[in-house]
Amino acid sequence: MAINDNDIAFLIEQVRQAGEIEIMPRFRNLVDGDIAEKTSAIDLVTQADLLAEERITKALRQRFPQALIVGEEAYDADRSVVPALNHAELAFVIDPVDGTFNFAAGLPMFGTILAVVANGETVAGIIHDPILGDTITAVAGGGAHLTRRNGSSKRLKVAAPKPISAMTGIVAWAHMGEPERSRIAGNMAKLRMSFYYNCSAYEYWMLACGKIDFVSHQTLNPWDHLAGLLIHREAGGYSAHYDGSAHRPGEMTGGIIAAADRESWETVRREIIGL
Amino acid sequence: MTAAVDITLLANLLRDAAQAEILPRFRRLAAGDIRIKSEATDLVTEADEQAERMIKREVERLWPDAVFIGEESVAAHPDLLGKLEGADLAIIVDPVDGTFNFAAGVPAFGVMASVVVRGETVAGIIFDPMGDDWVMAEKGSGAWLRRPSGEAERLKVAAPVALEHMTGFASTGFIDKRKRAEVMGNLAKVRFASNYRCAAHEYRTFAGGHVHYAMYNKILPWDHLAGVLISEEAGAYAARFDGSRYLPHHFDGGLLLTPDKASWDMLRQEVFTL
C-alpha cells in the first residue's frame, strides 16, 4: 500500500498536535503520580507518553482502519506486534515521547517518533521536536529534510567520512550486558568525542544533520530506530546489523551501526564494537 | 553576603539576553556564524558573542565595581581570569553553555552566572532558555527552581544508592588519553553514564535529584561555579579529585559531585581512578 504526500502531511500534523496538546503542557509539570517505573528507575513512562500515544493511535485508526499500529505502550500489552511488522501491508510505529528519562527529569531533549512500514520496509520516518515544533522527515527515495515550524525546509546530509580518532559517536553500551559493556565503554576512548543523551530521536537528528559520525545500539526497539534509520539512509548514510546484514523492521536483535558510509561502518565495527 | 548584587536582577538579565540574542539564532545559524576555537568540537557562535556583549554591558551599568569575567571575554583576553582570585566582587558568565549542542540544533544549552566575593562563590544562576526557568542558589539559602510566574520549588539531590544503581554524568573527553580508556571501562560498573555536553543542564538535573553523580575533568569557572554552589545548596557533596574543596580560582584538579561523602569515596575508588 502506497503512502502519498497528503498522508505524510496528515501524519506530521498528528504528531505536532500530540506535542502541543498532550506533551508540552506536562513538561516540567509532572507530579509524582504522573511518572511510573517500567523495568527500572531509568525506564519510565509518564502521562504524556500514554496520552500522546492514545491520541495519535486514535487518529491513525480513523484514517487507516486496516493498518497495524505499534507503539511502545501497545507492545507492552501484546509482544506479537513487532514480528508482525515484517509482513503487514501497512503499519505505523509510534514512540510518543522518546527520551522519557529526560522528559521526566526536565531536560529539554525528547522527541516524538513515527515510522511508516509497508510490506516489511520502512517507507517514511518522522522525528518531531515538540518544544520548537521542528521536524526531520524522510520518505524512501525522496531524501531527508529538516522542516522548521515556520515552514522553511532544507535537505539533510550525513557528515563526511573521517578516521576513528576524528569521529564523534554514540554507543548505547549502558544498555548492554558483559562482556560487551566493558569492552565497548573502554573502546570509546579512541574517539574524538562521545556523549550520551538518553534520546534516540536526537541521536538520529544529529546523525542525519551531519553533526555526529555514528550511532550504535544492540537492542533495536522499532519505535526508537525505524524512522531514524530511514532518515539517516536518505541523508546518505549506511547502516546494517553487526553481522553486515540489512535490518528489517520487525527485528529487535542483531545490533545496528549507522555511519557515514560502508568503510566508516566497518571501522566502527572493528574499533569500537570490537567484532 | 550578596548584598552587593541583587540576584533577581542578574537572573532577569540572563533571561533577557537569551530572548534577545540566543533563542532567535537557534537552528538558524549560517555557516559563517559558527567558528572553531581550539578544535573542531570547541565552537563559538554569534549567539555566544552577542549575548555576552549584552550581559557585560548591563553588568557594568548595574554593578560598576564588579570584575566581569565571561567565557568569550577571557577567550579574547586570557589574563582576565587572573583577576578572579583577588577581586572583592566578580561576576562570572557563560553566555551559552553547551555551544556544541546549540550549534548542532540540539536544545540542551543554558546561560549561567555566578557571583564571587573575595574568593567565595556566594550566588549561582542557571537559566534554561527552552523551559524558561532558572535554578539558582545563594549561599546558605538552599537551591531553588524558579519560574517567571514567581513559582518556586526547593531542589534536593537524590538519595544515595549502591554503585551498580548509580546514574550520572561523566565528562571524559578531557581526560588524558592513557587514563581515558581505563576510566571509560570503569564506567561499566555504574548503572548509567550520560554526557549531555552541557554543564548547565547536567547540574540542573543533578541538583534536582534525578541522577547520582556528576564528574568533570576540565573545570573553568564559568562552567562550574554556579552549578557547584547550587548542588551544594541542594545537599550535594562536591570536591576535587584529591578531596579538597573546589574554589573559584581552581582551574584544574577535576570535580566530582555526589549526594554524600560515601558515594563520593566509592566512585573515586571504583570508577574515577584518576
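**A helix crossing between two chains**

The crossing of H5(A) and H5(B) is right-handed, a crossing being called right-handed if the near helix is turned clockwise from the far one by less than a right angle, and left-handed if anticlockwise. The model is predicted, so local features need pLDDT of at least 70 and side-chain atom pairs count only at pLDDT 80 or more, while totals for chains, interfaces and linings use all residues. Residues are numbered from 1 along each chain as its sequence is written, and chains are lettered from A and ligands numbered from 1 in the order in which they are written.

Two packed helices are described by the angle between their axes and the distance between the axes. Helices (H or I, at least four residues) and strands (E, at least two) are DSSP runs, numbered from the N terminus. On H5(A) the contact is made by A:Ser182, A:Ala185 and A:Gly186, and on H5(B) by B:Ala181, B:Met184 and B:Gly185. Residues are in contact if their C-beta atoms, placed from the backbone, lie within 7 Å.

Chain A itself is divided into domain 1 (5–155) and domain 2 (164–273), with bounds that come from an automatic or database domain assignment. The C-alpha centres of these two domains of chain A lie 21 Å apart. Between them, 34 residues of domain 1 are in contact with 25 residues of domain 2. Strand E5(A) gives five residues, the largest share of the domain 1 side.

Finally, the largest nonpolar core has 172 residues, and B:Leu14 is among those with the most contacts inside it. A nonpolar core is a set of buried Ala, Val, Leu, Ile, Met, Phe, Trp, Tyr and Cys residues joined through C-beta atoms within 7 Å; a residue is buried if 20 or more other C-beta atoms lie within 10 Å of its own. Leaving aside neighbours within four places in sequence, B:Leu14 is in contact with B:Ile55, B:Val111, B:Ala113, B:Ile125 and B:Phe127.

Definitions and conventions:
Two residues are in contact if their C-beta atoms, placed from the backbone, lie within 7 Å. A residue is buried if 20 or more other C-beta atoms lie within 10 Å of its own, exposed if 12 or fewer, and partly exposed in between; C-beta atoms are placed from the backbone.
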